[in-house]
Amino acid sequence: FYFLQDWAFLPITIAVATIVVGKIMDEHEKQNRMNKTRMLASSFFSENGFKLLKYLLSLTIPSSELQNLLKIDHQWTPEQFIKASALMEHFDFDIHFTPKHLEELKISFSEKRMALLIVTSNPLLFDHENFTDMLWAILHLSDELSIRNDLSHLSETEYLHLKSDIERVLRGLLSNWFLHISYIK
């Protein structure tokens, strides 16, 4: 009787075990993908991202709020990094640039375009929308600069469009930079 009873519940036991093991394996695989994505982000920031971030920050008039946010110390918690990252998504930057700055960005982007395309083509980024959006913003700005032959004679509309593109790139860079620093810490 007990033998038949065990046989009767065997399919249910197998189903439950399969679901539990499947969830554990999916979570483990997701964690592995996130670690690989973090390594990709680390590579991006060490090779290109930090220099671009530093350059774009030099085009902004620093507010006290931004300066306070950028003062990171060893006591920051992961929650503070997440909060700072979220604040960057809607931060209002006061950006001013000249045609010379745009030319420098254009040259920099043309030199690093292949590296950006390689990073963008990585399938691991599908799980990391914020990082992907940042890369698309960088590529968009790169395209906007490359299609303009003369950056010294921009109309007001073009200037404002490029300014909004630069702000979008800066927001994405800072948002992802905070998450990257949190990961490194």
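Modeller: This is a predicted model: local features need pLDDT of at least 70, side-chain atom pairs count only at pLDDT 80 or more, and totals for chains, interfaces and linings use all residues. Residues are numbered from 1 along each chain as its sequence is written, and side-chain values use heavy atoms, without hydrogens and water.

The protein has 6 helices and 0 strands. Helices (H or I, at least four residues) and strands (E, at least two) are DSSP runs, numbered from the N terminus. Along the sequence the pattern reads α-α-α-α-α-α. The C-alpha atoms fill a box of roughly 90 × 40 × 30 Å along the principal axes.

Next, burial. Of 185 residues, 32% are buried, meaning under 20% relative accessible area with a 1.4 Å probe, protein chains only.

Now the core. The largest nonpolar core has 40 residues. Such a core is a set of buried Ala, Val, Leu, Ile, Met, Phe, Trp, Tyr and Cys residues joined through side-chain atoms within 4.5 Å. Phe44, Leu56, Ile138 and Leu173 have the most contacts inside it. Helices H1 (2–58), H2 (64–69), H3 (78–88), H4 (99–120), H5 (129–146) and H6 (156–184) each supply at least two of its residues.

Take Leu173. Leaving out residues up to four places away in sequence, Leu173 touches Phe44, Phe45, Gly49, Leu52, Leu53, Leu56, Met134 and Ile138. Contact means heavy atoms within 4.5 Å. Across the protein, 81% of contacts between residues at least 6 apart in sequence join residues at least 24 apart.

Methods. Buried < 20%, exposed > 50% of the residue type's maximum accessible area, 1.4 Å probe, protein only.
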